[in-house]
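Dear colleague,

Please find below the structure for your use. A summary of the findings follows it.

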Amino acid sequence: MEIDGALLSRIQFAWTVSFHILFPTITIGLASYLAIMEGLWLKTRNPVYRAQLFFWIKPFAVTFGMGVVSGIVLSYEFGTNFSQFSLATSTVLGPLLTYEVLTAFFLEAGFLGIMLFGWNRVSERMHFVATLIVAIGTIISAFWILAANSWMQTPAGAVLDRQGVFQVVSWMEVIFNPSFPYRLVHMLLASFLTVSFLIAGVSAWHLRKDRQNPVACKGLSVALWAALILAPLQAWVGDLHGLNVLEHQPIKVAAMEGIWDTEQGAGLRLFAVPDQKQEKNHFEVKIPYLASLILTHDAEGTLQGLKSVPADERPPVAVVFYSFRIMVGIGVLMLLASVMGAWLRWRGKLYTTTWFHKGLQWMIPAGLVATLAGWYVVEVGRQPWLVHGFLRTNAMVSAHPEQRVLFTLVLFVLVYSLLFGVYLYFMRKLLKRLPAIDRLDEHSALKQNQLAGSLAASPSTTDIPS
């Protein structure tokens, strides 16, 4: 059987980027949560906030490390598997990724040590500043990565010269390309929602073990308040993002909606089985006019169909179609869960309703699944283009022997599966041990006494290691 080397390279990159994106999604949201908890503790001196900070800082550190390691691999894969792409876009993507390292990664790495190990070594305010800077660094990192990826979706501010290399004519247009603002906000909200349900699910698990645990109660309360705000906001931003995609990538929208023929008053397909060969859907279940109403804000609006372009310019429809429904379906569940949480809070039963707590436990990975599904819609829906409208994916792949690419793909699958298993093992151990406030205060007091004793025993301050 003949092996397609280009397809193998694409699968390999899809596997590694799917593995990587899980960790920045968590760290972006969790870093902001840690900064909020530390700020509230400094303001109120409520030990529950400090307990939240101490509990979640270790999972953050483990996840941050996994994100750094897996992200480095992606940079190498640009050169090893997509060398023609690297050559053509180096003048655009090279500087953007460099800015990410200089403005975000160095910022995070420089203050992460203070955040993790600076307790009793720097002042409380300085430690809070370090935590805040790490949180800001994660958002800056998302800014540059989304700017680079959005440029590939809606290229602007650069022209392709005769040598097949992009030349920048306006960095402002490159960075703030047409899809960037929507995609940045959409991704940040996805990260915050993911962490909200992670915290809610873990807190619910601990409440089932101990309904009087104030740390678990606070975690559940804060997470559900956040979800109640973020879920409707994400739906609104998602609608704006969809309108932007319709304007710049109408064929991607056609794949998302399973529309083959250009339709006026297009119905919303709740379910279908897209058939790429026969260019039609099987077993359609749809609501008349709703797709046009949502996407054009006009029930009689016209939506472009997949058949309006040649077959070799259409994305894999089934992947885009189902991924979009998974993403939207999970978003609806998140909205319903947050509303249900508000209703139970109003009834005074938020901390005692066991069935709701069980449901939140099942939703712990929901944000990650929705994020992955959303990225599949974005990346697969762009095909066959790597830079939309300019560079085809298959033409940008490096000319490696198929067997070599297959070997590295299998190796990546095995190694990453092992790493993910180890990550889940240690995360489970960390998340199972929710600290009690009294134990946390005793631990802190012991540390302070030990530090005070060591200072008293020291003949001079010059003997204290820095």
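Predicted model: local features only at pLDDT ≥ 70, side-chain atom pairs only at ≥ 80, totals over all residues.

E300 is partly exposed, with a relative accessible area of 40%; on this scale buried means under 20%, exposed means over 50%, and partly exposed lies in between (1.4 Å probe, protein chains only). E300 belongs to the loop between α9 and β6. Helices (H or I, at least four residues) and strands (E, at least two) are DSSP runs, numbered from the N terminus.

Residues are numbered from 1 along each chain as its sequence is written, and side-chain values use heavy atoms, with hydrogens and water left out.

Salt bridges

Side chains of opposite charge can pair when their charged atoms come close. The structure holds nine salt bridges, where a salt bridge is a side-chain nitrogen of Lys or Arg within 4 Å of a carboxyl oxygen of Asp or Glu. Three of these pairs are described here.

R325 and E257 form a salt bridge through their side chains, at 3.7 Å from N to O. Because R325 lies in helix α10 (residues 317–347) and E257 in helix α8 (residues 250–257), this pair ties together parts that are 68 residues apart in sequence. R325 is buried, at a relative accessible area of 18%, and E257 is buried as well, at 5%.

D261 and K307 are also joined by a salt bridge, with 3.5 Å from N to O. D261 sits in the loop between α8 and β3 (263–264) and K307 in the loop between β6 (302–303) and α10, so parts that are 46 residues apart in sequence are tied together. D261 is partly exposed at 44% relative accessibility, and K307 is partly exposed at 36%.

A further salt bridge links R269 with E284, at 3.2 Å from N to O. Here the partners come from strand β4 (residues 268–275) for R269 and strand β5 (residues 280–287) for E284, so the pair ties together parts that are 15 residues apart in sequence. R269 is buried, with a relative accessible area of 4%, whereas E284 is partly exposed at 34%. Salt bridges with shared partners bring E263, R269 and E284 into one network.

Backbone geometry

Most residues other than glycine have a negative phi, and most peptide bonds are trans. Which peptide bond is cis, with omega near 10°? The bond in question runs from Q383 to P384, and P384 lies in the loop between α12 (366–382) and β7 (385–387).

Y289 has a positive phi, near 70°, although this residue is not a glycine. Y289 is placed in the loop between β5 and α9 (290–296) and is partly exposed, at 41% relative accessibility. H297, likewise not a glycine, has a positive phi of about 60°. H297 is located in the loop between α9 and β6 and counts as exposed, at 53% relative accessibility.

Helix α12

Helix α12 has 17 residues and spans 24 Å from its first C-alpha to its last, close to the expected 24 Å; the expected span is 1.5 Å times one less than the number of residues. Of the 17 residues of α12, 15 are buried, so this helix is largely enclosed by the rest of the structure.

Surface patches

Patches are made of residues with over 30% relative accessible area and no salt bridge, with like charges joined within 9 Å and nonpolar side chains (Val, Leu, Ile, Met, Phe, Trp, Tyr) within 5 Å. Accessible areas come from the Shrake-Rupley method with a 1.4 Å probe, and for residues only the protein chains shown count as cover.

L406, F407, V410, L411, L414, V415 and L419 make a nonpolar surface patch of about 610 Å². One of them, L414, is in helix α13 and is exposed at 58% relative accessibility.

A surface patch of positive charge gathers R208, K209, K358, R428 and K432. The elements giving two or more residues to this positive patch are α6 (180–209) and α13 (402–432). K432 is in helix α13 and is partly exposed, with a relative accessible area of 42%.

Yours sincerely

Key
Lys, Arg positive; Asp, Glu negative; His and termini not counted. Charge placed at Lys NZ, Arg CZ, Asp CG, Glu CD.
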